[in-house]
Amino acid sequence: MITQSRRAAGFWLVALTSVVFLAAASAPSPLYVVYQQQWHFGAPMLTLVFAVYAVVLLLTLLVVGGLSDFVGRRPVIVTAVALEIVSLVVFLVADGVTELIIGRALQGLATGVGLGALGATISDLAPPERPALASGLNVASPTFGLAAGALLSGVLVQFAPRPTTLVFEVLTVLLAVLLVACAVVLPRLTEPRPGALASLRPTASVPRGARRAFRNAVPVLVATWSIGGLILSLGGSLAVGVFGVNNHVIGGIVVTAMAGSGSVAAFVVRSRPARTTMLWASLVLAAGMAVVLVAVDITSLPLFFVGLVVTGLGFGAGFVGALGSVAQLVLPHERAELLSAVFVPSYGAFGGAAVLAGLAVPQFGLRPTTTVFGLVVIAMALLAVGAELLARRAEQTQPAGCPEVAPALTAPVR
C-alpha cells in the first residue's frame, strides 16, 4: 500500500524530473551558433543534428514506448535519466561535430525511453481528487522544461564563462540528484507482467477504446508540434537574420516565449472540457502564427514576441486538449503505450518541421521559408478545427444505441 505522502512526493518528483529532462534536450539549441563558429560547419550539418535527434527519438518510441506498462515505471525512468546524463557528458567533452551528433542521438534515445514512462507515472500518482492535474502537468512539465533549458543555455552562453560546457555541467548535477531520488523515492506502481519482449516490436498502437478520439486529435498534435519544431530550429536564426539581434539570450527567449506561455496555458486549461479546449486552441494557434508571419514581414521584434506568446497559448492548450481527449479513455496499464503513441505524430511533426526548415533556408532564405511553413501550420490548425466540427456533427447524427467506445472504457469526452 502506497502512503499518501509517498504518492505526493513521487508525483512532484516525476514532474520535476520531466522538466529537467526536457530542459537538457533543449539546452543545445542556443549553442548551435557557437558550435558553427568554432567547428565551421554549415546548415546541412546542422539539419543532420536535428534529424538524428528526431529519428532516434521516434524509433525509440516505437520500440520501447510501452515497456514500462510491462516492467514497471521506475526502472524505465531511471534508465532514461541515466542515458540523458551520458548524453550530457558527451557534450561536455565534445570537440567536433561528430560528438555533437552522438550527443543528440543519445538524447533522442533517452527522451524516447523516458517520455511514455514519465507521463504515465504522473497520471498514476495524480491525486484522485484532482484528475485533471495529471493532463495539465503532462504538458506543462515538458514545455516548461523546453523553455527553461533554452533560456538557461542562452543566458550562460551570453554572460558566463565556458559557454559550451557550463550549462551541461549544471544539468548533469541536477539529473544525477534526480536519478538517485527516483531510484529511492518512486514507489512500485505496476507489477511486472508477461509481454515485455513482445512489446518491443516496433509499433505505435492505440488502445481500442481511444482510437476514434486519437484520430480526431492527430491534426492538433501535428499542428502544435510543427510550431515547436519551426521555432526551435529557426527562432534563433530569425532573431539574428531578420531582426538583427545578435544576442544569445534573445535566442533563448524566442523559445521561452512560446514554450513558456504554452506551459502556463496547459496548466490553466487542465480542467476544461478536452475537445472544446482543442477546438479553441487550434484557432488561437492559427491566429498567433498569423501574427508571427506579419511580424517577420514588417520586421517588428515586439510583434514577433506577441505572436510567439499567442502561438504558445494555442500550443499548450491544444496539446492538453488532445491528450485529455484520449487519456481518459484507457486503463492504467495502457497509459505508457498510449502516451508513446501520442508522442509519435507529435515528435514526427516536430522533427520533420525542423529538418525541412533547415534544408529550405539555404535554398530560399529565412523569410520565405518561415512564411511557407507558417502558412502550412495555419492550414493544419484550421484543418483540426474542421475535423472536430465534423466529428461533432457525426456524433449528433449517430443513432441511439451505437456507443462510440467499448463499455468498459467509456468515459465522458466533453
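This is a predicted model: local features need pLDDT of at least 70, side-chain atom pairs count only at pLDDT 80 or more; totals for chains, interfaces and linings use all residues.
I take buried to mean under 20% relative accessible area, exposed over 50%, and partly exposed in between, with a 1.4 Å probe and protein chains only. Residues are numbered from 1 along each chain as its sequence is written, and side-chain values use heavy atoms, with hydrogens and water left out.

**Entry 1. Leucine 118**

I looked up leucine 118 and found it buried, at 3% relative accessible area. Leucine 118 belongs to helix H6, residues 97-125. Helices here are DSSP runs of H or I with at least four residues, strands are runs of E with at least two, and both are numbered from the N terminus. Which residues does leucine 118 contact, leaving aside its neighbours within four places in sequence? I list Val14, Thr17, Ser18, Phe21, Ile77 and Asn138, where contact means heavy atoms within 4.5 Å. I also took the C-alpha to C-alpha distance from leucine 118 to arginine 74, which is 9.1 Å across a sequence separation of 44 residues.

**Entry 2. Salt bridges**

How many salt bridges does the structure hold? I count four, a salt bridge being a side-chain nitrogen of Lys or Arg within 4 Å of a carboxyl oxygen of Asp or Glu. Side chains of opposite charge can pair when their charged atoms come close.

I began with glutamate 169 and arginine 162, whose side chains form a salt bridge at 2.7 Å, N to O. Glutamate 169 is partly exposed at 30% relative accessible area, and arginine 162 is partly exposed at 44%.

Next I looked up glutamate 388, which pairs with arginine 275 at 2.9 Å between the closest N and O atoms. Glutamate 388 lies in helix H14 (residues 366-396) and arginine 275 in helix H11 (residues 274-298), so this pair ties together parts 113 residues apart in sequence. Is this pair buried or exposed? Glutamate 388 is buried at 2%, and arginine 275 is buried at 8%.

Glutamate 388 also has a salt bridge with arginine 392, at 2.8 Å, N to O. These two residues both lie in helix H14, four residues apart, which is about one turn of the helix. Arginine 392 is partly exposed, with 24% relative accessible area. I note that salt bridges with shared partners join Arg275, Glu388 and Arg392 into one network.

**Entry 3. Surface patches**

I then turned to patches, which are made of residues with over 30% relative accessible area and no salt bridge; like charges are joined within 9 Å, and nonpolar side chains (Val, Leu, Ile, Met, Phe, Trp, Tyr) within 5 Å. Accessible areas come from the Shrake-Rupley method with a 1.4 Å probe, and for residues only the protein chains shown count as cover.

Which residues gather in a patch of positive charge on the surface? I find Arg208, Arg211, Arg212 and Arg215. Lys and Arg count as positive and Asp and Glu as negative, while His and the chain ends are not counted. The place of a charge is taken as NZ of Lys, CZ of Arg, CG of Asp or CD of Glu. Arginine 211 is in helix H9, residues 211-241, and is partly exposed at 38%.

I also find a nonpolar surface patch of about 270 Å², made by Leu151, Val155 and Phe159. Leucine 151 sits in helix H7, residues 132-159, and counts as partly exposed at 30% relative accessibility.

**Entry 4. Loop residues**

I looked up glycine 96 in the loop between helix H5 (73-93) and H6. Glycine 96 counts as buried, at 12% relative accessibility.

Most residues other than glycine have a negative phi. Histidine 40 has a positive phi, near 55°. I place histidine 40 in the loop between helix H2 (32-39) and helix H3 (43-64), where histidine 40 is exposed at 69% relative accessible area.

Threonine 299 also has a positive phi, near 55°. Threonine 299 lies in the loop between H11 and helix H12 (301-327) and is partly exposed, at 38% relative accessibility.
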